[in-house]
Amino acid sequence: MSDFKSDFLHVLSTRGFIHQVSEPEALDDLARTSRITAYIGYDCTAPSLHIGHLLPTMMLYWLQQTGHRPIALMGGGTTRVGDPSGKDESRKVLSSEIINENLVSIRKTFSKFLKFESDGGNAVMANNADWLNTLNYIDFLRDVGRYFSVNRMLAFDSVKLRLERQHELSFLEFNYMILQAYDFAELNKRYGCTLQMGGSDQWGNIVNGIDLGRRLNNARLFALTAPLITTASGAKMGKTAAGAVWLNADLLSPYDYWQFWRNTEDGDVVRFLKLFTILPLEEVTRLAALQGGEINEAKKVLATEATALMHGRASAEQAADTAQKTFEQGALAENLPTVEVPRAELDTGLGVLTAFVTAGLVASNGEARRQIKAGGLKINDATITDEKTTLTTGALTPQGVIKLSLGKKKHVLIKPV
């Protein structure tokens with residue numbers, strides 16, 4: 001059980017969202033006695049958020065549900081720079097037009113989880129382009145840059161790892177942490193925002209913002225980070241055989257989204273029910289007690305509840321119904337040819353080109369590459385877009401197979417032995 005007295009931190013703690021908190025007692029007291037405003041930043045590098053953005057978005061959801069005010073900060077400005085955290089190479093620089101198109105598209109996702117002022121709620125959608133795009137460089141260096149120690153910046157993991165691996169870090173990206181810190185100070189000034197949340201890899205950036213807010217605004221600010229989610233087998237969550245798990249229905253159908261959750265590893269079901277659904281914890285505890293084959297029922301509940309949050313209850317139930325007809329009533333067992341592969345190959349990751357050659361659907365890696373470019377190859381009915389994709393046990397259907405398809409009529413099942 002949680003020791004927190006505020007509803008907000010109690011909920012986050014009991015559901016598994018908290019990795020680190022700065023001054024936990026003071027933040028708990030503030031959340032218990034007043035309405036706090038907190039933000040999470042999202043860059044606009046694609047027209048859709050993906051599954052990796054879901055955890056922070058759920059944190060904003062619970063913030064609002066417990067009586068506080070969430071800010072979803074769109075990085076219209078910082079997207080032009082690129083966050084070096086956890087990356088080995090520079091981000092591709094996007095035009096302002098594409099950034100704005102992405103921002104409009106992403107906005108629709110947030111309205112599924114947050115109630116904005118235009119809908120009678122108190123959530124705010126801000127865009128850091130409003131203050132970053134008009135900065136005067138000399139003034140910014142004098143007023144903000146003087147508070148940043150290069151020695152300290154070089155010690156942050158996001159910078160240190162890049163330099164240790166001898167990967168280039170541009171001056172543009174080196175500035176990212178200064179801009180993120182400035183965002184926090186600016187949101188404090190504009191909205192009274194006192195808390196920034198994010199993944200645990202953002203701790204250093206957030207602490208920079210706390211320090212800058214104190215120096216510029218004489219404000220007491222707080223940091224809260226969530227654990228980075230890896231699956232029970234150690235893989236990064238959201239990496240699947242078919243590529244990124246997008247939240248927009250036009251990039252990933254509600255059925256494929258449902259299937260992603262249905263394929264959760266046994267060891268992750270309870271944790272994911274707490275993090276990615278709004279089911280009461282008593283219900284999660286009941287599902288946690290299911291053993292053996294019954295755990296599949298918990299996986300279906302996870303899939304349906306997570307899909308209902310994102311795509312609506314009707315789409316979620318339709319996906320569940322389609323899955324039952326497809327898998328449980330034997331539609332997959334169309335007497336498809338089956339090729340056995342050693343389970344160890346899936347444990348380490350079987351390259352998609354090799355898999356299709358092994359299955360006999362293509363004659364060579366070159367032919368597989370051509371088919372991928374033409375959109376002709378699918379894994380579990382999801383089109384492959386990346387030739388570096390690997391097949392892992394996470395792609396196994398409830399029947400313990402992976403369906404490979406060439407076009408609409410040629411199918412082979414891969415079965416681990």
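What covers the buried residues of α13? The cover includes α1 (7–15), α3 (54–65), α12 (254–262), α14 (281–288) and α15 (295–311). This is a predicted model. Helix α13 itself spans residues 269–276. Its buried residues are Val-269, Phe-272, Leu-273, Leu-275 and Phe-276. An α-helix has 3.6 residues a turn, so residues three or four places apart point the same way.

Strand β4 covers residues 124–127. Val-124 and Ala-126 point one way from it. Met-125 and Asn-127 point the other way. In a regular strand the side chains alternate between the two faces of the sheet. Here, the residues on both sides of β4 are buried. The partner strand is β3, residues 69–75. β3 and β4 run parallel and are joined by four bridges. Within this pairing, Ala-72 stands opposite Met-125.

**The five-stranded sheet**

A further sheet is open and has five strands, in the order β9-β15-β14-β11-β12. Its pairing is mixed. The edge strands are β9 (338–341) and β12, each of which pairs on one side only. The partner of β12 is β11, in the antiparallel sense, over two bridges. Lys-378 stands opposite Thr-383 of β12.

The two pairings with a stated bridge count are set out here.

| Strand pair | Sense | Bridges | Facing residues |
|---|---|---|---|
| β3 and β4 | parallel | four | Ala-72 and Met-125 |
| β11 and β12 | antiparallel | two | Lys-378 and Thr-383 |

**Asn-380 in the loop**

Asn-380 is found in the loop between β11 (377–379) and β12 (382–383). Its side chain reaches the backbone oxygen of Ala-395 at 2.6 Å. Setting aside neighbours within four places in sequence, Asn-380 is in contact with Ala-395, Thr-397, Ile-402 and Lys-403.

**The nonpolar patch**

Which residues make the nonpolar surface patch of about 450 Å²? They are Tyr-137, Ile-138, Leu-141 and Phe-171. Helix α6, residues 137–143, gives the most to this patch, with three residues. Ile-138 has its place in that helix. Is Ile-138 buried or exposed? Ile-138 is exposed, because its relative accessible area is 57% and the cut-off for exposed is over 50%.

How values were computed: Residues numbered from 1 in each chain as written. Predicted model: local features only at pLDDT ≥ 70, side-chain atom pairs only at ≥ 80, totals over all residues. Heavy atoms only, no water. Buried < 20%, exposed > 50% of the residue type's maximum accessible area, 1.4 Å probe, protein only. Pairing = 2+ DSSP bridges. Patch = residues over 30% accessible without salt bridge, like charges linked within 9 Å, V, L, I, M, F, W, Y side chains within 5 Å. Areas by Shrake-Rupley, 256 points an atom, 1.4 Å probe, with all protein chains shown as cover. Salt bridge = Lys/Arg side-chain N within 4 Å of Asp/Glu carboxyl O. Polar contact = N/O pair within 3.5 Å; in protein donor to acceptor, adjacent residues only side chain to side chain. Contact = heavy atoms within 4.5 Å.
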